[in-house]
Amino acid sequence: MMFRTTFILIFVSLSGFAQEALKPLNYNLNYIHRDLAAEKQIAAPIAYKTLSTSLNIPFIEDFYYSPTKSYPDQNKWSDEMAYINSGYGIAPPSIGVATFDGLNKFGYPYFPTLTNNALSRVSDTLTSREINLLTTATSQTLQLSDSLALSFYYQARGYGDAPELTDSLVLDFFSPGKNQWINKVWFSKGNANGNIYDTVFKRGFVKIDSSDYLKDGFKFRFRNRSCGTGNYDHWHLDYIYLDKDRSRKNDTAYNDIAFAYVPTPFLRDYSAMPWEQYSASERVASNKVKIKNNGIANVNMTYEYKIDTSGQQVHSYTGGAFVLNPFKQVGYNSNANHASPPFTYTFPPMPDSIDYRIKHYIFRSGSSADFIAENDTVVQYQKFRNYYALDDGSAEAGYYINAAGGKIAIKINVNVADSFLGAKIYFDPVSSVQSQTNSLGFRIAVWSPGANGPGILQFRDTIFRPKYYNLSPDHSFAEFKLVRPKLLQPGTYYIGIQQFADYITFGFDMNTDHSATTYYDSGAGWTQSTEKGAVMIRPVFGKTLPPPPVGISEETVFKDNPFLIFPNPASDQLVIRTKQVEKASYSLINVMGQEITAGDIDSTDERINTSSLSNGIYILVLKVGAEKVQQQKIIIQH
């Protein structure tokens, strides 16, 4: 695998000085862990069930389930090494691809100790279940004259690492008649120029040309050859279709409308944010939805989405009807009500951890059936957590500043005074020995706004070492808690890290472009990032102020935050202690956004009777005049 060496030399030789750069990841922690997917949907390695009968044709797979599952559908595939995702492919035929790389099913290298990356080795395999090519589901005996064929679409590199000429993607057929695999019935080699993104999915078409295949028990498999030492040499596969009556020349389009990607978040600046910091100004005016027509005829279609939480629908939108021309003519659906649907729903006050499920639908009118009905629906989750996230939770590359003392910072807005507690960081793992070296230390820091991004250093905490998961990880983000949490007043801040001598590689999401709010300093001053994507650093905030340190008076606390609330959890009453009585008021709201009780604050120790409230989580909103100055989660527990 030559690309890694060439890549680093290119950046050094171009400039002669250190700067930001991208590199392939050594590992892929997202095989198992999808932080922005609902927890109940996180896919773990699965034990495949034994099917009593073979599959019948047609065999159709487009990996539509990629937003919530990382492994192949057990009803169609008999192994689990390919990585199912919706982030690596560029302009795929429909949402979801199967990615082949140098990592096993746990996201770790097949050959972690080998150093010769120029050699290619068999790595991932995607093998179909047994398929009956003796008869169809209607007991029709299949013949070679029935023109059976397998078609598929493939892409080298995409948003990953380019396979070289020594790397390949291979298709094999299993012959039940000969009881053996017939290898290399089709293959494609990598690219001699590894620095070009392949933006086109090419079509593969292979005929079933032997009667030895026309039996019950036929299988096919895709394999790749890669260096096997890391997350390199990517191939992406989509739109796999095995059936009869196929034609290489004429059978090139499908009567299918489909989503191509997961729609963009419903927050304006982030993929996730703390619930206490959310306000109506944080939502998007509209988001982006990519819908395409893979057929050759115009299709009259409609689009809508529905939002629910805890099983209850809270909002819906219908974009109306539109005649969508074929993708080859017009590209993605450009109707504003479909491509950029307006968003008017305001998320109500909520607990610190809540998922809003947004389910998107497209429908076609007329009598013709959709080729793949499953890709007409896509599910995404809008999460509210105790952190700000620019990324979507999936790393496609590694980001680094190749400079001793290099700095990285992301821009965030604090709407309500809150405690900065630390950061969740996605590190590209290295060896456990290397991770303990002093040169890999870093500090978490906060900068105020300057003329060109970050300005004056406001705060810097203790020395940390990167945490790497070399065994089955509990989570793909390592969390670092500050020794001295910092209260941040409302305003704009730049939060990030300063590294020591050696550069540290962070996860980089290439599907969510936040380069405009990402800055780096490689020694020559702060510069806005030119890499299109999001560095996977997530500042963590607290729900309440930390208790005053010994020797710090309550007077100091009141200067920074006008209200103290206790006890929490509460049983019979809740006390609001304050010196701000004039024009002050409170509102207690349940998780559905309904106001339970409200009133003016008339004393320095305002008491709220909570004895009749049900156990659960509530939101206390505190105002001075019309301005919301504090918001806090309250637990009622009798």
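User: How many salt bridges does the count come to?

Analyst: The model is a predicted one. The count comes to 17 salt bridges.

User: What makes the pair Arg221 and Asp172 a salt bridge?

Analyst: The criterion is a side-chain nitrogen of Lys or Arg within 4 Å of a carboxyl oxygen of Asp or Glu. The N to O distance between Arg221 and Asp172 is 2.7 Å, so the pair meets the criterion. It links distant parts of the chain, with Arg221 in strand 11 and Asp172 in strand 8, 49 residues apart. Asp172, Arg221 and Arg223 are linked in a network of salt bridges.

User: Are Arg221 and Asp172 buried or exposed, and how do you know?

Analyst: Buried means under 20% relative accessible area. Arg221 has 16%, and is therefore buried. Asp172 has 0%, so that residue is buried as well.

User: Why is Asp355 said to form a salt bridge with Arg385?

Analyst: The closest N and O atoms of Asp355 and Arg385 are 3.2 Å apart, and the limit is 4 Å, so the pair qualifies. Asp355 lies in strand 18 and Arg385 in the loop between strand 19 and strand 20, so the pair ties together parts that are 30 residues apart in sequence. Arg385 has a relative accessible area of 11% and is therefore buried.

User: Which class does Ser147 belong to, and which residues is Ser147 in contact with?

Analyst: Ser147 has 32% relative accessibility, so it counts as partly exposed. Ser147 is found in the loop between strand 6 and strand 7. Leaving aside neighbours within four places in sequence, the contacts of Ser147 are Asp243, Lys244, Asp245 and Arg246. The C-alpha atoms of Ser147 and Lys244 are separated by 5.3 Å, although the two residues are 97 apart along the chain.

User: Why are strand 21 and strand 26 called paired?

Analyst: Pairing requires at least two bridges. Strand 21 and strand 26 have eight, in the antiparallel sense, so they pair. One of the bridges joins Ala409 to Gly496 in strand 26. Strand 21 also pairs with strand 28 in the antiparallel sense, over four bridges. Seven of the eight residues of strand 21 are buried.

Key. Residues are numbered from 1 along each chain as its sequence is written. This is a predicted model: local features need pLDDT of at least 70, side-chain atom pairs count only at pLDDT 80 or more; totals for chains, interfaces and linings use all residues. Side-chain values use heavy atoms; hydrogens and water are left out. Helices (H or I, at least four residues) and strands (E, at least two) are DSSP runs, numbered from the N terminus. Buried means under 20% relative accessible area, exposed over 50%, partly exposed in between (1.4 Å probe, protein chains only). Contact means heavy atoms within 4.5 Å.
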